[in-house]
Amino acid sequence: MKEHKVKNNNKTAGMSIIVKTITRLTIGLILLYGIYILLHGHLTPGGGFAGGVIITLSFIHIMLAFGKDVAFQKLNKSWSKIFESTGALLFLTIAVLGFLGGSFFTNFMDKGEPFEFLSAGTIILSNIAIFLKVGAGLFLLFIMLVFFKIGGKK
Amino acid sequence: MTYFLSFILFSIGIYCILTKRNILKIIIGIAILDYAINLFFILIAYRTNGRSPILEKGSTIKRIVDPLPHAVVLTSIVIGLAVTALLVAIAIRIYEKYGTFDINEIKELKG
């Protein structure tokens with residue numbers, strides 16, 4: 001409800017009403033497709049990098065259509081910094097936990113049945129870590145390049 | 001024979017880097033060079049009549065393409081993205097400091 005009010009207040013921000021309506025329809029589909037690619041990375045082509053790029057593209061889509069205020073309500077700059085660092089630390093933690101099974105990056109979890117959803121041990125967790133790193137990093141890259149300003153230091 | 005295509009693309013990238021004076025065109029040349037090398041790796045990985053190296057339920061492995069260069073190229077694409085973003089950021093800084101993208105007019109870099 002709150003976001004809806006903001007959208008109505010900022011009628012001048014962003015693009016025309018056609019673009020806004022189409023974006024409101026398609027943004028959920030893009031997000032769902034990205035989550036599907038992310039979670040099925042061990043069964044089909046895709047994985048953390050591709051899923052992260054698609055999910056971030058949905059946020060960039062919101063920013064291009066509605067302006068930066070609406071997009072920053074959904075994903076803040078400081079939060080995306082926290083997500084990026086969390087992704088790197090999570091990936092390192094999974095790699096170090098491999099010492100439980102013997103060596104670095106050992107798949108210590110239960111492998112399960114092949115071709116099932118829960119089947120690949122630590123691969124799903126690694127994909128989610130890579131998604132956090134790549135998605136938040138790409139979003140930060142976009143907003144840094146768009147709102148680039150030299151803050152008085154020379 | 002098919003490798004010749006990626007060599008042509010590589011030469012276009014080298015030509016673009018060496019002869020153009022605009023920084024943005026140099027960045028585009030570096031990107032073309034990146035893609036030429038990626039294409040070369042993918043062409044090396046191809047086997048005749050090979051299918052994609054994905055196991056599915058009930059399928060048997062007969063002839064698949066080599067999956068190792070695919071993994072290497074995936075990493076290479078990520079690095080190419082980061083390098084392009086770094087170059088664009090440097091280009092923006094140069095434009096804000098000198099007001100031009102022409103590398104001939106940036107006098108303070110010389111000497």
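The axes of H5(A), the helix of residues 77-97, and H6(A), the helix of residues 123-146, come within 8 Å of each other and cross at roughly 150°. That makes H5(A) roughly antiparallel to H6(A), since angles under 35 degrees count as roughly parallel, over 145 as roughly antiparallel, 65 to 115 as roughly perpendicular and the rest as oblique. The axes are lines fitted to C-alpha atoms, for helices over the stretch in contact, and the angles run from 0 to 180 degrees between N-to-C directions. Helices are DSSP runs of H or I with at least four residues, strands are runs of E with at least two, and both are numbered from the N terminus.

H5(A) passes H6(A) in a left-handed crossing; the term applies if the near helix is turned anticlockwise from the far one by less than a right angle, and right-handed applies if clockwise. Among the residues making this contact are Phe83(A), Phe91(A) and Ile94(A) of H5(A), and Ala129(A), Leu140(A) and Met144(A) of H6(A). Contact here means heavy atoms within 4.5 Å. By class, the contact of H5(A) with H6(A) has 14 nonpolar, four polar and four charged residues. Ala, Val, Leu, Ile, Met, Phe, Trp, Tyr, Cys and Pro count as nonpolar, Asp, Glu, Lys and Arg as charged, and the others, Gly among them, as polar.

A word on the source. This is a predicted model, in which local features need pLDDT of at least 70 and side-chain atom pairs count only at pLDDT 80 or more, while totals for chains, interfaces and linings use all residues. Residues are numbered from 1 along each chain as its sequence is written, chains are lettered from A and ligands numbered from 1 in the order in which they are written, and side-chain values use heavy atoms, with hydrogens and water left out.

I turn to the loop between H5 and H6 of chain A, where Ser119(A) is found. Is Ser119(A) buried or exposed? At 14% relative accessibility, Ser119(A) counts as buried; buried means under 20% relative accessible area, exposed over 50%, and partly exposed in between, with a 1.4 Å probe and protein chains only. Beyond its neighbours within four places in sequence, Ser119(A) is in contact with His42(A), Leu43(A), Lys111(A), Gly112(A) and Glu113(A).

Phe105(A) also lies in the loop between H5 and H6 of chain A. Phe105(A) is partly exposed, at 46% relative accessible area, and has a positive phi near 65°. Most residues other than glycine have a negative phi. In chain B, Asn49(B) has a phi near 60°, again a positive value. Asn49(B) sits in the loop between helix H2 (23-45) and H3, and is exposed, with a relative accessible area of 67%.

Chain B has three helices and zero strands. Of its 111 residues, 20% count as buried. The C-alpha atoms of chain B fill a box of roughly 65 × 30 × 20 Å along the principal axes.

Finally, how do the two chains meet through H6(A) and H3(B)? H6(A) and H3(B), residues 67-98, pack at an angle of about 20°, with their axes 11 Å apart. That makes H6(A) roughly parallel to H3(B). The contact is made by Leu138(A), Leu141(A) and Leu145(A) of H6(A) and Leu81(B), Ala85(B), Val88(B), Ala89(B) and Ile92(B) of H3(B). By class, this contact has eight nonpolar, no polar and no charged residues.
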